[in-house]
Amino acid sequence: MGWEAMRNITFQRQKSMGWIPSSTELTPIDDTMHMWADVPEGQRAFQLRLMEVYAGFLEHTDTQHSKILDELERQGIENNTLIIYVFADNGASAEGLQGTINEMITHNMLPSTVEQQIEVLDQFGGLKALGSRHVDNMYHAGWAWAMDTPFKSTKLVAEHFGGTRTPMVISWPAVVKPDTTPRSQFHHVNDVVPTIYEAIGITEPEMVDGWQQDKLDGVSMVYTWQNATAEGRKNAQYFEVMGSRGIYKDGWLCGTFGPRVPWAPNNTRMNIWDPTTDVWELYDLSKDYSQAHDLAQAMPEKVAEMRNAFLIEAQANQVLPIGAGLYTFAYHPEEAPHSELTQWDLFQGETRIAESTAPLYRGGFDSLAAIEADVPSNASGVFYCIGGGGGGFSVYMDGGYLHAEYMATQLYRYKAKSSAPISPGKRHIEVKMVWDKVKAVVPSGNLTMSVDGAEIAGMRVEKGCRAIMDAAETFDVGMDLGATVSLEYDARAPFAYSGKIGSLKIKYIKGDEEEQNRHSSDFI
């Protein structure tokens, strides 16, 4: 069963359950989306397994949530506990594109094909590796579209509810009599706190710890608890993500798609995008639950009114300038949020440092690492590493040889190794990473390693990471916790260093020759 069939089944179930209005229309697939028939026969098992793994994880998540409810019941407080359960933070994500073994492939804009990724899976045992620690898989964008039934689009689109709408359940048995009638009033996540405040009688604070508080934007949902058909009280809500925009106002939704097509990056309009020329759509939600009928051409004055309402909300909520979220994502990844530090003094056993606060080994950050170490005979173990099984960088010893491995996702691995074992004793080891200064979508650079001033190994990193190495792993000194960067020592994880690391000092350097030739004596 492909995503079109799944979407049709979901739609019929939604109607039979009364979850959506009986008049709802099922919106068609977008012209830029892949249909299931477009998927080659040899890739369908891969695409199906990706969705099966996601479904399995969803079931696992539900099971963990139920443990919280079980504990509340065990303590005898379930009847007087207010639970607000929001299923997700957005619509289903299309960032898996054509199905992927690693979501970071998309974020780092690395070239790839489905065939290439399936081939990589073979080294981990084939399809059974999906969902394991060796991959960071993400389902095909077609499944995201199916999970956003009956709406258009997916996450990262603000003009369609496929990008933003998500189920919510509220439970408080002692106060709210349970019923199965869906509440159709329009509400947003910023309404959760006002709801809690009203429910338990808290006055919105004007000051907290001496800090003046902004006024809450939200509207309490308590009025819906005893009256399923109460008239909605939320009059307006804006949406914006990376140039895609939407505005809800009094039962209408007006929006524009923006420059990016989340499921088809080759269709982007980034280089020619002018937000002032974007085409806006208009929907009457009181009659058109799924946004099936665009009324913009028939009601230009209403569109103008709604666009003006968006600008008012955007100004009030610091959204302007439009598209600012694209600055680091698309144009200047080197300026993405990261630690303000430019040098680190680290010690053996220092672990689980978040990538965002650690020395970065992605494009745009030239660095020099200096290691003072006691190297025993046949030394083995990790000096330091960042990232993990999804992508990362590791410097380690194995059988007396010095190694470095750079992994830009599972698709691109680069390795360097000393030609001879490192002589035992106290050694000064330097690892230098210098990225090309030519601006490119995918960064390239050179790594060199030296021992006691003599260069002993190096490698060319043709395809590096531009944005992030791993979504969950960290920077470790003296070992590699979690999923390992290198498969060479995966079976020996965490592969702790067998000797003593006296110090590890890492600093960013400038790309000019003078700075690159400075040694660790420059460290403070």
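This is a predicted model: local features need pLDDT of at least 70, side-chain atom pairs count only at pLDDT 80 or more; totals for chains, interfaces and linings use all residues.
Strand S6 (residues 244–249) is joined to S5 by six bridges, and the two run antiparallel. Strands here are DSSP runs of E with at least two residues, helices are runs of H or I with at least four residues, and both are numbered from the N terminus. Two strands count as paired if DSSP finds at least two bridges between them. Residues are numbered from 1 along each chain as its sequence is written, and side-chain values use heavy atoms, with hydrogens and water left out.

Now zoom out to the whole sheet. It's an open one made of four strands, in the order S5-S6-S7-S8, with antiparallel pairing. Strand S5 (236–241) and strand S8 (280–284) sit at the edges, each pairing on one side only. On average, neighbouring strands of this sheet are turned by 10° against each other, direction ignored. Helix H7 (residues 300–316) packs on the sheet and touches S5, S6, strand S7 (252–256) and S8; contact means heavy atoms within 4.5 Å. The direction of H7 makes about 105° with that of S6. For these angles, axes are lines fitted to C-alpha atoms, for helices over the stretch in contact, and the values run from 0 to 180 degrees between N-to-C directions.

Next, look at helix H1 (residues 3–16). Its 14 residues reach 20 Å from the first C-alpha to the last, close to the 20 Å expected at 1.5 Å a residue; that expectation is 1.5 Å times one less than the number of residues. Trp3, Glu4, Met6, Arg7, Phe11 and Gln14 are buried in H1. They lie on the same side of H1 because they cover an arc of only 155° around the axis, taken from the directions from the helix axis to the C-beta atoms. Gln12, Arg13 and Ser16, on the other side of H1, are exposed. Buried means under 20% relative accessible area, exposed over 50%, and partly exposed in between, using a 1.4 Å probe and protein chains only. The buried residues of H1 pack against helix H2 (44–74) and helix H5 (141–147). After H1 comes Gly18, with a positive phi near 75°.

Helix H5 is also where you'll find Ala144. Ala144 counts as buried because its relative accessibility is 0%. Leaving out residues up to four places away in sequence, Ala144 touches Ala92, Ser93, Ala94, Tyr139 and Thr154.
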